Amino acid sequence: MSDWEKVIAFHGHPCCLLAVGYRAAKLALERLGAGGSAHGLVAVVENRTCAADAVQVLTGCTFGKRSFIFKDSGKYVFTFARAGERQALRISLKAGVLTKEGEDFVALMEKVANGEATEEEHREFYRRQEPLMRYILEGPAEEIFEVQAVDSIIPLPELCLQVVTCSRCGEEVMKDHAIVLQDGSLGCKDCAGQRQDD
Ligand SMILES: [Zn+2]
Ligand SMILES: [Zn+2]
């Protein structure tokens, strides 16, 4: 099974955004000299699209290991670093790549992704996405991505495993997530969001 096939198997379908994440992760592994072993790599992904799945499969950076960090900026930007190292690699998709097939193609992609496309729109989408997907996978990297070495340490989010029991719902909540409820007791965010007297 090729790496691209592995990524498709995990994600469920081949698509342009999966290809974006795949290519970005491949570039990162090449430049950071991972040589197949992705141990100690941390990724910051700035969008919640299909691309994120490819990054996780190829680099081994996952949400559960805390080595996959989501930054909600709505950009096709991927930053990779070895844990604790000062140099990071920032890979951003160049403007115009996703709209190469036309603005209407992106609108179509959105409809498909949101489950709002008709049968006919689906067929049109799969026909039109093929050349763009190939281009993202195989085109010249310098046309597709801006790659910069940046001076930044990506810290792994700290894990707090000690818990307190919420005084309202009785569920345990990690200490660093517990908050003081109106009556002064410790509780969870769900309960803090509810009226205290109901
Ligand atoms: Zn997808
Ligand atoms: Zn609670």
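**Reading the metal sites, core and helices**

Tutor: Start with the zinc ion (ligand 2), which is coordinated by Cys-166 (SG), Cys-169 (SG), Cys-188 (SG) and Cys-191 (SG), at 2.3 to 2.4 Å. Donors are N, O and S atoms within 2.8 Å of the metal (3.2 Å for Na, K and Ca); water is not among the atoms, so sites may look incomplete. This is a predicted model: local features need pLDDT of at least 70, side-chain atom pairs count only at pLDDT 80 or more, while totals for chains, interfaces and linings use all residues. Residues are numbered from 1 along each chain as its sequence is written, chains are lettered from A and ligands numbered from 1 in the order in which they are written, and side-chain values use heavy atoms, with hydrogens and water left out.

Student: Why is the arrangement around the zinc ion (ligand 2) tetrahedral?

Tutor: Ideal angles are 109.5 degrees for four tetrahedral donors. Four donors count as tetrahedral if all angles lie between 85 and 135 degrees; four count as square planar and six as octahedral if opposite donors are over 155 degrees apart and all others between 65 and 115; anything else is irregular. Here the 4 donor atoms subtend angles of 101 to 117°, so the arrangement is tetrahedral. Cys-169 lies in the loop between strand 6 (163–165) and strand 7 (172–174) and Cys-191 in helix 7 (residues 189–192), so the pair ties together parts 22 residues apart in sequence. Helices (H or I, at least four residues) and strands (E, at least two) are DSSP runs, numbered from the N terminus.

Student: Are Cys-169 and Cys-191 buried or exposed?

Tutor: Buried means under 20% relative accessible area, exposed over 50%, partly exposed in between (1.4 Å probe, protein chains only). Cys-169 is partly exposed at 36%. Cys-191 has 5% relative accessibility, so Cys-191 counts as buried.

Student: What coordinates the zinc ion (ligand 1)?

Tutor: His-11 (NE2), His-13 (NE2), Cys-15 (SG) and Cys-50 (SG) do, at 2.1 to 2.3 Å. The angles among these 4 donor atoms run from 87 to 136°, and the site is irregular. Along the chain, the donor spacing is H-x1-H-x1-C-x34-C. His-11 and Cys-15 are both buried.

Student: Which residues touch the most other members of the largest nonpolar core?

Tutor: In soluble globular proteins, nonpolar side chains tend to be buried together. A nonpolar core is a set of buried Ala, Val, Leu, Ile, Met, Phe, Trp, Tyr and Cys residues joined through side-chain atoms within 4.5 Å. The largest one has 46 residues, and Trp-4, Phe-78, Ile-91, Ile-136 and Phe-145 touch the most other members. Helix 2 (residues 16–31) gives the most to this core: 11 residues.

Student: How do helix 2 and helix 3 cross?

Tutor: Axes are lines fitted to C-alpha atoms, for helices over the stretch in contact, and angles run from 0 to 180 degrees between N-to-C directions. Contact means heavy atoms within 4.5 Å. The axes of helix 2 and helix 3 (residues 51–59) come within 7 Å and cross at roughly 35°. Residues making the contact include Leu-17 and Gly-21 of helix 2 and Ala-51 and Val-55 of helix 3.
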